[in-house]
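Here is a short briefing on one protein chain. Keep the structure open as you read.

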Amino acid sequence: LICDGTNKVIPLVDGSVWVPEDGVYKLKSCPDGYLLVNATAEIQECQLCRRGEYCGRNCRECLPCDPGSFKGVVSPARCALCPWNTYGNSSGAVSIQQCTLCPLGISYTTSDGMSRPEDCICARGHYFALDQE
């Protein structure tokens, strides 16, 4: 929050809502993709989540990207889906390299954001054996 010496204040993060309360401005909400940090009267801010994490509307906690998605940059953006013909089986992925290719030429996925090897569908005339433990 930037104070210009008058009763006008300018939020550092566009879309954040500050309300005067008992002579002090209080942070009430942050735009989508930002974490609301309201620890004390002195520490109030809208923060971006780390790589591999996202925040929704009125976010109070950054959450790891779901399996089948990743987020490689610190930004307000949602996690990106693993592309077609890949799957991502861990949460909190920070890179598209964490999306595993289905076996080339013999299998594929039907959409983006798949999260299990079983989501790779075999092409006609092929089969896919999963490791059994």
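Cys 99 counts as buried in this predicted model. The reason is a number: Cys 99 has a relative accessibility of 9%, and buried means under 20%. Its disulfide partner is Cys 82, which is buried too, at 1% relative accessibility.

**The link of Cys 82 and Cys 99**

- The two sulfur atoms of Cys 82 and Cys 99 lie 2.1 Å apart.
- The torsion about this S-S bond is about -75°, so the disulfide of Cys 82 and Cys 99 is left-handed.

**Disulfides across the protein**

- A disulfide is a covalent bond between the sulfur atoms of two cysteines.
- How many disulfides does the count come to? The count is six.
- Number the bonded cysteines along the chain, and the pattern reads 1-2, 3-6, 4-5, 7-8, 9-10, 11-12.

**The link of Cys 49 and Cys 62**

- Cys 49 is joined to Cys 62 by a disulfide, with an S to S distance of 2.1 Å.
- The link of Cys 49 and Cys 62 is left-handed, with -85° about the S-S bond.
- Distant parts of the chain are linked here: Cys 49 is in the loop between β6 (44-48) and β7 (53-54), and Cys 62 is in the loop between β7 and β8 (63-64), 13 residues apart.
- Are these cysteines buried or exposed? Both Cys 49 and Cys 62 are buried.

**The link of Cys 55 and Cys 59**

- Cys 55 and Cys 59 form a disulfide, S to S 1.9 Å.
- Its torsion is about -55°, so the disulfide of Cys 55 and Cys 59 is left-handed.
- Cys 55 is buried because its relative accessible area is 4%, under the 20% cut-off.
- Cys 59 is buried as well, at 6%.

**Leu 101 and its contacts**

- Leu 101 belongs to strand β12 (residues 100-101).
- Which residues does Leu 101 contact, leaving aside neighbours within four places in sequence? They are Asn 85, Thr 86 and Tyr 87.
- The C-alpha atoms of Leu 101 and Cys 82 are 9.7 Å apart, and the two residues are 19 residues apart along the chain.

**A nonpolar surface patch**

- Trp 84, Tyr 108 and Ile 121 make up a nonpolar patch on the surface.
- Together these three have about 290 Å² of accessible area.
- Trp 84 lies in the loop between β10 (80-81) and β11 (86-87).
- Trp 84 is partly exposed because its relative accessible area is 48%, between the cut-offs of 20% and 50%.

Methods: Residues are numbered from 1 along each chain as its sequence is written. This is a predicted model: local features need pLDDT of at least 70, side-chain atom pairs count only at pLDDT 80 or more; totals for chains, interfaces and linings use all residues. Side-chain values use heavy atoms; hydrogens and water are left out. Patches are made of residues with over 30% relative accessible area and no salt bridge: like charges are joined within 9 Å, nonpolar side chains (Val, Leu, Ile, Met, Phe, Trp, Tyr) within 5 Å. Accessible areas come from the Shrake-Rupley method with a 1.4 Å probe; for residues, only the protein chains shown count as cover. A salt bridge is a side-chain nitrogen of Lys or Arg within 4 Å of a carboxyl oxygen of Asp or Glu. Helices (H or I, at least four residues) and strands (E, at least two) are DSSP runs, numbered from the N terminus. Buried means under 20% relative accessible area, exposed over 50%, partly exposed in between (1.4 Å probe, protein chains only). Contact means heavy atoms within 4.5 Å. A disulfide is a pair of cysteine sulfur atoms within 2.5 Å.
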